[in-house]
Amino acid sequence: MSKKPSSSPPSLHKVIMVGSGGVGKSALTLQFMYDEFVEDYEPTKADSYRKKVVLDGEEVQIDILDTAGQEDYAAIRDNYFRSGEGFLCVFSITDDESFQATQEFREQILRVKNDENIPFLLVGNKCDLNDKRKVPLSECQARAQQWGGVPYVETSAKTRENVDKVFFDLMREIRSRKTEDSSKASGRAKERKKRKLKCTLL
Amino acid sequence: MAPLPLVTGISPKEGPPGTKIIIRGENLGTRANDLIAVEVCGGECSFEWQSKNKIIARTGINGQKGKGDVIVTTLSGGIGSSTVQFRTYTETIGPLKESAVWVEESPVQSLAWGRRTMATSGYHTVDDPLGLSMEGNDKKFPDDLREMFPENSGDLSRENFSPCWFLLENHHGTSFEDLRAGYAYLKRKVEGQKEGQLSFLKTHVGAVIDQLDTMMNLKKKMDNDGDVDIAKRVHNLQDTISKSIDSSHALFDDVLKRREKADNSRAALSVLNRYKFLFCLPTNIEKNASKNEFDIIVNDYARAKNLYGKSEIPLIQKVLAEADEIILEVRKELHKKIQEMPQGVEQQKRFVKSLINLEIQQIGTKQAEMLKITDPAWDAIASRAKYIEATFKRTYEEFQEKEKENLQKDTTKRDPPIRVLFCEEITEIASGQFPDLWRLGQSYFTGELRGVNEPKPGNFKQIILNAIERFCSYVRAAILPQNQKYSTVTAWSFSSSSQLNLFSTWLPTCLRHLRISYASLIRLDLPNEALDIVLKLIDELRLFCLTTILKKAIDKVKKLHEKESWELSVIEFPGATSLPAKLEELLTEALDEGQQMCLQLEVRENPLFDVPNSEGHREISKIIETILECFSTVLEELATERSDDEIQQLPKQIISGFPTNSLLPHSINLNEAKSTISSTITITWEHRLLCCLANAAYCNKIFINNNLSNLFVKYGYPVPKLALENSRSNVNMVFGNLLEMYVEHKADPLVSTIEPSMYIVSHFKWDGVEKFDNLSPYAHECLDNVVAVYSEIFAISPFLLRPILEQIIQTIAEELARLMVSVDDFNVNGKKQATLDIKMIRDVLRLYSNERAKQSFNEALDAIPKLTADENKNVETLLVSIKQRMKIQLMCLTVVNP
Ligand SMILES: Nc1nc2c(ncn2[C@@H]2O[C@H](COP(=O)(O)OP(=O)(O)O)[C@@H](O)[C@H]2O)c(=O)[nH]1
Ligand SMILES: [Mg+2]
């Protein structure tokens, strides 16, 4: 029963990429995973990535689910979202429509997760194309604020700017959520144990 | 081994069989050939290698359903692992639905055809009614639920469904929070459904009312018609139903047939696809064989054997058998290629390795029995060795042929002779081919080319030795045909001596070629025994080259007489000319050239004259002896050659007493004498004769033993003592001959004048002598003549005075004795006069008189009748006064060491 902490497998953080098609979800993922930038656009269905990273000195595993952004069936989308522990909600700062779409993604996630404080980052991608910017920075920040103060970060999958940052920031949030939960859970577990003990006594 | 392949990303992460996926990760193969397998959900995939981080693959049809690992296998890293999983699901396709993907259809589905509900969607991935992930619940619940809930069941569709059972079975690991979320989800779903029914009714209220009306009408009609027609109606209904059943059957039969057809071609296609590699194998092997890509054949064949070798499917067995047959052919071809020459060693080694690989793979097949190659690597060596020998032979014959052609043509003398070109060619072949053969041998003996069977090497060392021996034989046959005694190669003799002469100037070139190829052999680390074969040839060539250089000197020495300038330049030996120095010069040149070409040692060579009394010593000694012999001859010839006018001139000088020219006062020093002789005065034959005498004496006494001997030491040759001794005695003989010639030439006229001047000139008679107051004229003349000869010799070389004068004086004494004995009678004055003359001559010439001369003088005196004491005193007094008078004139004859 008593496992040494060192031999226990590294904790796993499940991240889901959401956002409209073509905003750079896959590009961000591949840049983070493999340091490569994919120039051509090939629509994604649902891609899965998982690797070990060192988060603040601790070895953890990150699992990334890269989604299409417009799943044919809401059921499938919901199922994906349900398995996520944190979300990178991506839009392209050169595409206003993709920015508008983030509103719906946010709502869907909240509906499925039923949790206002789910780890979540609003990501404005393609910041290397600042001259073609369609979404003013202030508007982006305002929306993040309006969503209960989620962080807003601008990235570029092309120049790698802030790519590591969004993934690591999100993982930190997931981690702190988990420790909160587990402290609650262990409290409950103790309660339950007591009750169980009573049961057997009875 | 390289690190294990690790898959960390797949795109997409799920799909039906046949989905194209991009696989990313680490160490996915160093190159296309390195990647040997990709497996998804336990099923093999077709794949295309992109980079060590990326593969494009298509899932196969025999993977398991559900989640499974993506396993990449490389040659360099082995069987890898994955952090991500692919989920294979079945996209159910009805017979009427088109699909781009060939789907394997499970037997259950085809049986359950009729029961299939059209509502079932392949996309249904929500397995859990609570919408929760099953992760963390993989482990089975430990206790037996049937025991806990004997009455109930966990099946949602059962009447006796128990939520407890369900939750324990499926969610014993789910947190309470999650369960609450699941509950909320379930609730929403149910509400959504309810809402759906209601709103449906709301929106279609008109149609519903219509339906209700119609049903009411129907009921009224039925009531009106009563029971009469009910049976008929039922009948009609039955008919219609059975008709529609028939037509639906027909419809479905048609569809089923189409489906069957489609199934068949689908199956065939998927089999083709799956076994594409195998089916293409025979053609691929043939294609690659024709491109010499045997490595690929080895790989493909190994892969096919691994994958399908144990298969029991007859078709696969048949294809494999076909491949086996082709491989047999490939092996035959490889065996041929191994022995094909010329080709590079590396290629040959590659062929051997490919062959060995194929042999190993065919072990145990019937093809192994059909072609047994004992030791292909050895065959490679043998054929290479044979090729080298053949190349030597061919080259040798080609060049011989070329020379024959060239003999007809008028070749310009500047071009190297054909055999020199041959030497260059064959040494180049040797430098190129031996290393290859040797390297192949090394690879063989280090086991690099070890095959299926125990290696059966022949005698590799003997092969190397033979090849080198052969090489040397050809070189020797071409450039040292005279040394070609015992070899199997027929010598390539010279057709004329001019050809040989022309060739010999190219010997150093040949030597250089040979040395270059020797150096390349040394680098190979061959056994000494092998190197020594070449070394021996080099030694022979060096010696031959040396003798050729020295022999050239012979001809030059023969022409030395043209170089004689009659300069008396030898300080330590007056009278000797610069001729010996010129000989020394010639020899220096030859020895120096020989030393540089042949004596200087290069890598792994021995001194030529290491072994005393070797053939080299004898050769050199013989040539030196010839050279010196020639020199003696030159000396002699120079002395005896006279021009016509000189012959006429000479006797006059002697007869007329004092020479008219050329004789110099003794006081003149040597340097002036030299310049006078060489520049202003015509050189007479006597001078030349004397010079030659001096040269001969100089050579005998000093030059040969000192100068020449030192020369050999200086250039590192053994001193040819015997040759030098012989030539000294030769020179001595020349000296004797010349001496005799000179003496004869001088003494004859001198002596023959004594008698006439005694009698004929003054009608003199010994018994009628009137006056006794002076030396007789004949005695006077005789002494004058001796002094003249003296000065002639002295002017050239005082060393020659004694040997020449002794001879002359001896003849004078003998002549005097003869003359005195033959006198019949003396009067008193005659007695006195004769005694005075003889004594005067005897005393003056005493220093140069030998025993015989002295004896003859005494004989002459004895022939004169005895003088009285008074008469004797008379004679002595006069003798003293005459000596006094002629003192200056005769002084030269009194100097002991002039
Ligand atoms: N300039 C620029 N182009 C980007 C960036 N990120 C993605 N792209 C390009 O946008 C296109 C769509 O990217 P992709 O990652 O496939 O979008 P997804 O549909 O959200 O996964 C591709 O052609 C990318 O090369 C970025 O940060 N800067
Ligand atoms: Mg994408």
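Modeller: Hello! Before we start: a residue counts as buried under 20% relative accessible area, as exposed over 50%, and as partly exposed in between. Please also keep in mind that this is a predicted model.

Biologist: Thanks! With that scale in hand, is W566(B) buried or exposed?

Modeller: W566(B) sits in the loop between α17 (528–558) and α18 (579–599) of chain B. Its relative accessibility is 11%. The cut-off for burial is under 20%, so W566(B) counts as buried.

Biologist: What is the phi of W566(B)?

Modeller: Most residues other than glycine have a negative phi. W566(B) is not a glycine, yet its phi is positive, at about 60°.

Biologist: And N114(A), is that residue buried or exposed?

Modeller: N114(A) also has a positive phi without being glycine, near 55°. Its place is the loop between α3 (96–113) and β5 (120–125) of chain A. Because its relative accessible area is 53% and the cut-off is over 50%, N114(A) is exposed.

Biologist: Let's turn to the helices of chain B. Which class does A184(B) fall into, buried, exposed or partly exposed?

Modeller: A184(B) belongs to helix α4 of chain B. Its relative accessible area of 22% lies between the limits of 20% and 50%, so A184(B) is partly exposed.

Biologist: How far is the C-alpha atom of A184(B) from that of L130(B)?

Modeller: Along the chain, A184(B) and L130(B) are 54 residues apart.

Biologist: Leaving aside neighbours within four places in sequence, which residues is K349(B) in contact with?

Modeller: K349(B) is part of helix α10 (residues 345–361) of chain B. It is a buried residue, since its relative accessible area is 10%. Beyond those sequence neighbours, its contacts are L440(B), S443(B), E448(B) and L449(B).

Biologist: Which residue does a cis peptide bond join to M341(B)?

Modeller: Most peptide bonds are trans. Here, omega is about 0°. The residue in question lies in the loop between α9 (314–339) and α10 of chain B, and the cis bond joins M341(B) to P342(B). Another cis bond, with omega also about 0°, joins S11(B) and P12(B).

Biologist: Now the interface. How much area do chain B and chain A bury between them?

Modeller: The contact involves 23 residues of chain A and 22 residues of chain B. Carbon and sulfur atoms carry 50% of the buried area. The total comes to about 1900 Å².

Biologist: Which residue of chain A is the bridge partner of G9(B)?

Modeller: Strand β2 (residues 46–55) of chain A runs antiparallel to β1(B), and 2 bridges join the two. In β1(B), G9(B) has as its partner Y49(A).

Biologist: Which residue of chain A meets R24(B) in a salt bridge?

Modeller: The count between chain B and chain A is 1 salt bridge. The distance from N to O is 2.6 Å, and the side chain that R24(B) meets is that of E36(A).

Biologist: Which element of chain B supplies the largest share of the side that touches chain A?

Modeller: Across the interface there are 9 residue pairs in polar contact. On the chain B side, β1 (6–11), β3 (20–26) and α4 (176–203) each supply at least two residues. The largest share, 5 residues, comes from α4(B).

Biologist: And how many residues of that side are nonpolar?

Modeller: The side of chain B that touches chain A includes 6 charged and 7 polar residues. The nonpolar ones number 9.

Definitions and conventions. Residues numbered from 1 in each chain as written. Chains lettered and ligands numbered in written order. Predicted model: local features only at pLDDT ≥ 70, side-chain atom pairs only at ≥ 80, totals over all residues. Heavy atoms only, no water. Contact = heavy atoms within 4.5 Å. Buried area = accessible area lost by both parts, 1.4 Å probe. Salt bridge = Lys/Arg side-chain N within 4 Å of Asp/Glu carboxyl O. Polar contact = N/O pair within 3.5 Å; in protein donor to acceptor, adjacent residues only side chain to side chain. Helix = DSSP H or I, 4+ residues; strand = E, 2+ residues; numbered from the N terminus. Nonpolar A, V, L, I, M, F, W, Y, C, P; charged D, E, K, R; others polar. Pairing = 2+ DSSP bridges. Buried < 20%, exposed > 50% of the residue type's maximum accessible area, 1.4 Å probe, protein only.
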